[in-house]
Amino acid sequence: MNPLVGDVAGNAEHVIAEAVRAREAGADMAVFPELVLTGYPPEDLLLRSELHARIEAALARIQAEVRDITLVIGYPRCSVGGLFNVAGVIRDGEVVAEYAKQHLPNYSVFDEKRYFQQGATPTVFEHQGLRIGLSVCEDIWQEGPAQQAAAAGAQVLVNINASPFHRGKRGEREALVSRLARDHGMAILYANLVGGQDELVFDGASFVVDAGGAIIQRAPAFVEASLLQAFDASAHALAPPSPSEAASASDEATLYDALVLGVRDYVRKNGFSGAVLGLSGGIDSALTLAIAADALGPDAVEAVLMPSRYTADMSNEDALEEARLLGVKAQTVPIEPAFQSFLEMLEPAFAGQAVDVTEENIQARCRGIILMAISNKSGRILLTTGNKSEMAVGYATLYGDMAGGFAPIKDVPKTLVYRLAAYRNRRSPVIPERVMTRAPSAELRPDQVDQDSLPPYEVLDAILRLYIEEDEGVEAIAAKGYPPEVVRRVARLVDRNEYKRRQAPPGVRISERAFGRDRRYPLTSGF
Ligand SMILES: Nc1ncnc2c1ncn2[C@@H]1O[C@H](COP(=O)(O)OP(=O)(O)OC[C@H]2O[C@@H]([n+]3cccc(C(=O)O)c3)[C@H](O)[C@@H]2O)[C@@H](O)[C@H]1O
Ligand SMILES: Nc1ncnc2c1ncn2[C@@H]1O[C@H](COP(=O)(O)OP(=O)(O)OP(=O)(O)O)[C@@H](O)[C@H]1O
Ligand SMILES: NC(=O)CC[C@H](N)C(=O)O
């Protein structure tokens, strides 16, 4: 299920509708994800007493509306001991059991200890003669809760989750849950949330593991879906008639789908009619346009070409071709008159000073003003096009190409930008070949290419991965064969540009370490 954070009443109606559908499909119990009534993560909404009043009202409504099926759902529970992250069992108009999450994740993107107290005891309830144990997400990643449930007599474990996506996560989960099922001889139902929430994407991909550790059902990733699982009288999970296929999507396909869902949900859940972006003829804006068109439909996306005196003809041609191939409306607004006016206005202030990066940034800022004006007028959100490599080293202009509301590829390194573009072109051609092979250029001065200012992207991305995602130091990275002076320079750029990233729009997280809530560095630092 894809809930909307904070929309407790709407999420409850969604639960009720799905419970009815599950009953009609022949189920006698339906399992929903972690904190499904608030959405995840509800963050400081949890500190508001109105939220808890709404949860009470939603639970009362679910209890009144849902009959002839048992529900397991996640919600925050206020009690005398504090606030708990619970899995509640609702049957015949009552909450008949509640399990409080014992392991509260507080690393990476998680911050649960800020809000919740930890539970201490297992919960096992009877359903149609089966003994069912409960756990909540992180509980199965740690020692304890699954063992306790098995010791308390559970034959089946229901684990409800709000487990965000990152590269490789599905395989990690399946291996972990399969091992746990085997170790304890219990079938496990793994029910996950789906949907984009600010920078996080939840991939769904719920699954069922039998007591021998075999995955017997898999839901598709990145869409709402349900699985109907039958058990025999001795708690054996019965394999469905056609055995579950392995999760076989390629790395690129999975990452692309994550980006599409992240953009769609940010734009739609925030009430925008669509998206606008600057289309330069470069690879970053080309990929961002394809993601936006796939997420929102081509009619909801608008591309703006804003040539300057430095824009090559082929950039305009390629940009127009991209818009045509995707069926997106494109318009051209040249920046020359605005750029020229700014240069003239600033002439007295800059008298006697050489032309430098200042003038490059004025061009990027002219574009930012035009795009934000179109966003204001149209009600479409401005998507920025910066990739992770650029955001890492600060190769972007504040209030210029960084202006905007959401940054679809901010966690995609440049080398992966090319791979995702090639993947999208294999599905159907949307990015001209020349865009894939041309040297990247910001086109802010004559004959400029990115590689004048930055190391080749293969080298840059390798160093960035070690420095940012692996937390390795300059010497350790250089020892792996990278030129020490290049490593030092890259590390210095990363450290120095924290201020830029702090002012950058949020974007979809696809790695284990994005520039968002999982990487918090000081702005002012002598490190
Ligand atoms: N610690 C700090 N805390 C808060 N603010 C700080 C700061 N340090 C500098 N600043 C401010 O930030 C300013 C510098 O930032 P900014 O104005 O953005 O300018 P800056 O970083 O100097 O230049 C932008 C760079 O990005 C490149 N670029 C631009 C556009 C697109 C692309 C591309 O290929 O995608 C590349 C461009 O070629 C240039 O190298 C300073 O003048 C100062 O006002
Ligand atoms: N001529 C232009 N018309 C429209 N938008 C532009 C133009 N030039 C730059 N922009 C906007 O500013 C962003 C940054 O520019 P830049 O040229 O550095 O990136 P890019 O062209 O997308 O990718 P690449 O790194 O391959 O050049 C672009 O992605 C685009 O959104
Ligand atoms: N909500 C949670 O407890 C998530 C933590 C868990 N390790 C996961 O990402 O899958």
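## Starting from F32

Leaving aside its neighbours within four places in sequence, F32 is in contact with M1, V15, L71, V72, I73, G74, I160 and A191. Everything here comes from a predicted model, so please read the positions below as computed ones.

The largest nonpolar core holds 144 residues, and F32 is listed with A275, L289 and A292 as having the most contacts inside it. Helix α6 provides the largest share of this core, namely 10 residues. Residues are contributed by both domain 1 (8–229) and domain 2 (253–445), so the core lies between the two domains.

## The annotated binding site

Let's turn to the record. In an unreviewed entry, UniProt places the feature "binding site" at G278, L279, S280, G281, G282, I283, D284, S285 and T385. How far apart do their C-alpha atoms get, given that these positions span 108 residues in sequence? No two of them are more than 12.0 Å apart, so the positions gather at one spot.

D284 sits in helix α6, which runs over residues 283–296, while T385 belongs to the loop between β16 (380–382) and α10 (388–393). Is D284 buried or exposed? D284 is buried, with 23 other C-beta atoms within 10 Å, and the cut-off for that label is 20 or more. T385 is buried as well, with 26 other C-beta atoms within 10 Å.

With the same exclusion, T385 touches L277, D284, S285, T288, D401 and I409.

## Around ligand 1

Which residues are closest to ligand 1? They are A364, T397, L398, A442 and Y499, out of 17 residues that surround the ligand. By class, this shell has eight nonpolar, five polar and four charged residues. Helix α9 (residues 357–378) gives the most to the shell, with four residues.

R365 is also part of helix α9. With 21 C-beta neighbours inside 10 Å, R365 counts as buried. Beyond residues up to four places away in sequence, R365 touches T397, Y399 and G400; T397 is one of the residues closest to ligand 1. R365 and A403 are 38 residues apart along the chain, and their C-alpha atoms are separated by 8.3 Å.

## Backbone details to check

The peptide bond from Y40 to P41 is cis, with omega near -10°; P41 is placed in the loop between β1 (29–31) and α2 (49–65).

The other two spots are aspartates. D68 is not a glycine, yet has a positive phi of about 65°. D68 lies in the loop between α2 and β2 (70–79) and is exposed, with 10 other C-beta atoms within 10 Å. D92, likewise not a glycine, has a positive phi near 50°. The loop between β3 (82–91) and β4 (94–100) holds D92, which counts as exposed with 11 C-beta neighbours inside 10 Å.

Methods:
Residues numbered from 1 in each chain as written. Chains lettered and ligands numbered in written order. Predicted model: local features only at pLDDT ≥ 70, side-chain atom pairs only at ≥ 80, totals over all residues. Near = placed C-beta within 6 Å. Nonpolar A, V, L, I, M, F, W, Y, C, P; charged D, E, K, R; others polar. UniProt positions renumbered as here; feature names shortened; annotations may be inferred. Buried ≥ 20, exposed ≤ 12 C-beta atoms within 10 Å, placed from the backbone. Contact = placed C-beta atoms within 7 Å. Core = buried A, V, L, I, M, F, W, Y, C linked by C-beta atoms within 7 Å. Domains from an automatic or database assignment.
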